[in-house]
Amino acid sequence: MLGRQLVRIGERAMRGGPEGSGSDLGLSAGALLVLRDVFAHPGSAITDVTSRTGLPQSYVSDSIARLRASGIAETSSDPADGRRTLISLASSHLRQVAAHSARSADAELIAALGGIDTDFAGRVLAVLSDIAARLRPESASEQSARTR
């Protein structure tokens, strides 16, 4: 439960608005799914996005057209097969995502804790920072050692 609450607080901080304000991009849930897939898999063909998201090809194509029109995504022809269209996020959008991701969630955390004094807020933030630093993803060598 704590993890889910922290995720929601972090998302609010990155959005810069109250919970439930929706995407500041004005995209539907399906178009956001397409956007997230393209973010995770840059240079993918539309058919690949369709396969991974489970959305109809026509919907993915329409979503990509909207993303292109808004300057969020760029398309190109596949050099190996000129009939295929490849999609990636525009570098300007990636810079914007990086800037939003770098926002501190401290103010949102303190607001979510409601009316606590400054000293206690500082201690809570210090403990959460310490926990975050200790929760490192496993290195590739640790993962391969476990699977042997």
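Reader: Which side chains meet in a salt bridge at 2.8 Å, N to O?

Author: A salt bridge puts a side-chain nitrogen of Lys or Arg within 4 Å of a carboxyl oxygen of Asp or Glu. In this predicted model, D37 and R52 make such a pair. They link distant parts of the chain, 15 residues apart: D37 lies in helix α2 (residues 29–40) and R52 in helix α3 (residues 46–53). Helices here are DSSP runs (H or I, at least four residues), numbered from the N terminus.

Reader: How many salt bridges are there in the whole structure?

Author: A search finds 5. Side-chain atom pairs count only at pLDDT 80 or more, local features need at least 70, and totals for linings use all residues. Residue numbers start from 1 along each chain, and side-chain values use heavy atoms, without hydrogens and water.

Reader: What pLDDT does the protein average?

Author: pLDDT is the predictor's confidence in each residue, from 0 to 100. Here the average is 80, and 78% of the residues score at least 70.

Reader: Where does pLDDT stay under 50?

Author: Look at residues 17–23. For this stretch the model has 8 contacts (heavy atoms within 4.5 Å) beyond four places in sequence.

Reader: Where is V127 placed?

Author: V127 sits in helix α7, which covers residues 118–134.

Technical notes. Helices (H or I, at least four residues) and strands (E, at least two) are DSSP runs, numbered from the N terminus.
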